[in-house]
Amino acid sequence: MASLQEPWLVGNSGNSKMRHSRTAQNKSSSSLRKKSDLTLVRRVRCGLLRQFLANLQEVLLGTKLAILFPVVPLAIAAQYFRFGRAWVFALSLIALTPLAERLSFLTEQIAFYTGPTVGGLLNATCGNATELIIAIFALAQRKIAVVKYSLLGSILSNMLLVLGTSFFCGGIANLRQEQKYDRRQADVNSLMLLLALLCHSLPLLFGYAVGSGALAANPILQLSRTSSIVMLIAYVAYLVFQLFTHRQLFEDQEEADDDASEESPVIGFWSGFVWLVVMTLVIALLSEYIVDTIEAASDSWGISMSFISIIVLPIVGNAAEHAGAVIFAYKNKLDISLGVALGSATQISMLVVPLTVVVAWIMDIEMSLNFNILETGSLAVSIIATAFTLQDGTSHYMKGLILLLCYIVIGACFFVLRSPLEPPNVIPLGHKSA
């Protein structure tokens with residue numbers, strides 16, 4: 001690969017192979033990557049053209065999800081030529097799947113040059129960039145319900161769907177041996193999720209304590225903003241704990257047979273940075289399409305917006321990362337699967353959600369942490385069920401099945417629920433329909 005390094009990065013060639021601490025999300029995404037064949041690219045005589053083609057091949061074809069990249073221009077064309085808005089929503093949502101995986105790949109490539117500490121910080125803060133981008137675009141259009149539902153759905157899907165599928169598939173594939181994982185990392189994430197639950201519950205409980213109405217709205221908003229700042233402080237402390245003081249708890253215990261701990265970057269720093277900016281801009285464009293067309297898709301498909309936001313959006317948008325977690329569970333590497341599921345749930349609940357509240361505050365939008373009683377109750381039961389599941393440090397398929405059944409029941413609930421943006425389709429008792 002030395003011949004493919006950019007001329008202005010020759011000074012970094014000594015660091016082209018280094019010890020690199022990777023997060024569970026990186027390892028999960030790497031299960032869907034494939035090695036690019038650069039034989040034809042090396043025959044190109046022009047150095048700059050050869051480098052561009054090599055980077056293009058590594059970024060676009062270095063994943064098993066490359067078959068989905070043609071959906072990206074299809075989504076843009078559908079929006080430009082004004083196809084059905086439901087089609088624009090579906091194509092944009094599918095197109096996010098390979099882009100989210102490539103975003104993880106590019107942050108990992110940049111981390112090779114920035115070192116393990118800065119790289120770990122980059123991965124820990126950008127791991128759920130897609131959810132944050134969608135939330136910001138929804139905020140800009142004052143679609144508060146879409147923001148809350150999509151973020152809640154991401155937390156629930158990671159805790160119940162991803163973790164449940166990992167435990168179930170891992171248990172079925174390893175029936176004759178007991179699957180174990182490091183409880184210490186799971187305990188830390190469980191505590192963070194319980195803190196997030198407290199911060200989500202207090203605004204709801206406060207509203208019931210003082211009564212609903214205009215007088216309670218302002219204190220609930222103030223409480224939510226204060227809780228969001230506390231959650232962000234807690235997440236910073238979590239990063240210090242993860243990257244500095246107790247780093248060994250979050251590192252792979254099987255590095256001896258994992259070549260990922262000693263790898264070479266396949267693209268240069270500036271190339272990775274440019275591609276990262278491009279991928280982020282494309283994700284932002286598709287996120288805008290999704291937010292613009294989600295109501296039209298709900299009407300066209302006859303599915304409630306709550307179900308699309310909580311169930312469909314997180315499953316499709318994070319399909320690559322979720323599939324990687326299941327693959328590692330199948331290989332009896334549950335620490336990586338737990339790192340993906342719990343790490344993403346912690347990051348969304350303790351970073352993305354409070355950051356969204358703060359951004360809304362800056363934009364002079366009144367967004368609180370009051371997710372209503374049904375949503376908050378679902379979150380509470382999910383966190384408690386997950387914490388009980390992780391308490392003994394072992395796993396079997398029955399635990400995974402229970403978590404999956406919990407997710408199915410919650411999904412059925414939101415399938416019949418009409419979101420606040422939708423008119424209720426209920427006939428009051430005592431009234432006769434026409």
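Axes here are lines fitted to C-alpha atoms, for helices over the stretch in contact, and angles run from 0 to 180 degrees between N-to-C directions. Helices (H or I, at least four residues) are DSSP runs, numbered from the N terminus. This is a predicted model, where local features need pLDDT of at least 70, side-chain atom pairs count only at pLDDT 80 or more, and totals for chains, interfaces and linings use all residues. Residues are numbered from 1 along each chain as its sequence is written, and side-chain values use heavy atoms, with hydrogens and water left out.

Q: How are helix 8 and helix 14 oriented to each other, parallel or antiparallel?
A: Helix 8 covers residues 183-210. Its axis lies 10 Å from that of helix 14, at an angle of about 155 degrees. Angles under 35 degrees count as roughly parallel, over 145 as roughly antiparallel, 65 to 115 as roughly perpendicular and the rest as oblique. Helix 8 and helix 14 are therefore roughly antiparallel.

Q: Which hand does the crossing of helix 8 and helix 14 have?
A: A crossing is left-handed if the near helix is turned anticlockwise from the far one by less than a right angle, and right-handed if clockwise. By that rule, the crossing of helix 8 and helix 14 is left-handed.

Q: What is the make-up of the contact of helix 7 with helix 15?
A: The axes of helix 7 (residues 144-173) and helix 15 (residues 397-416) come within 7 Å and cross at roughly 150 degrees. The two helices are therefore roughly antiparallel, and the crossing is left-handed. For residue classes, Ala, Val, Leu, Ile, Met, Phe, Trp, Tyr, Cys and Pro count as nonpolar, Asp, Glu, Lys and Arg as charged, and the others, Gly among them, as polar. The contact of helix 7 with helix 15 has 17 nonpolar residues, five polar and one charged.

Q: How many residues of helix 4 are buried?
A: Buried means under 20% relative accessible area, exposed over 50%, partly exposed in between (1.4 Å probe, protein chains only). Helix 4 is largely enclosed by the rest of the structure, because the buried count, out of 30 residues, is 25.

Q: On which residue is the kink in helix 10 centred?
A: Helix 10 runs over residues 269-301. Just after this helix, Gly302 takes a positive phi of about 70 degrees. The kink itself is about 50 degrees, centred on Thr293.

Q: Is Asp364 buried or exposed?
A: Asp364 lies in the loop between helix 13 and helix 14 (372-389). Its phi is near 60 degrees, a positive value in a residue other than glycine. Most residues other than glycine have a negative phi. At 66% relative accessibility, Asp364 counts as exposed.

Q: What relative accessibility does Asn332 have?
A: Asn332 sits in the loop between helix 12 (319-330) and helix 13 (334-362). Phi of Asn332 is positive too, near 65 degrees. Asn332 counts as partly exposed, because its relative accessibility is 22%.

Q: What separates the C-alpha atoms of Ser201 and Asn372 in space?
A: Ser201 belongs to helix 8. At 16% relative accessibility, Ser201 counts as buried. Ser201 and Asn372 are 171 residues apart in sequence, yet C-alpha to C-alpha they are apart by 9.1 Å.

How values were computed
The bend at a residue is the angle between axes fitted to the seven residues ending there and the seven starting there.
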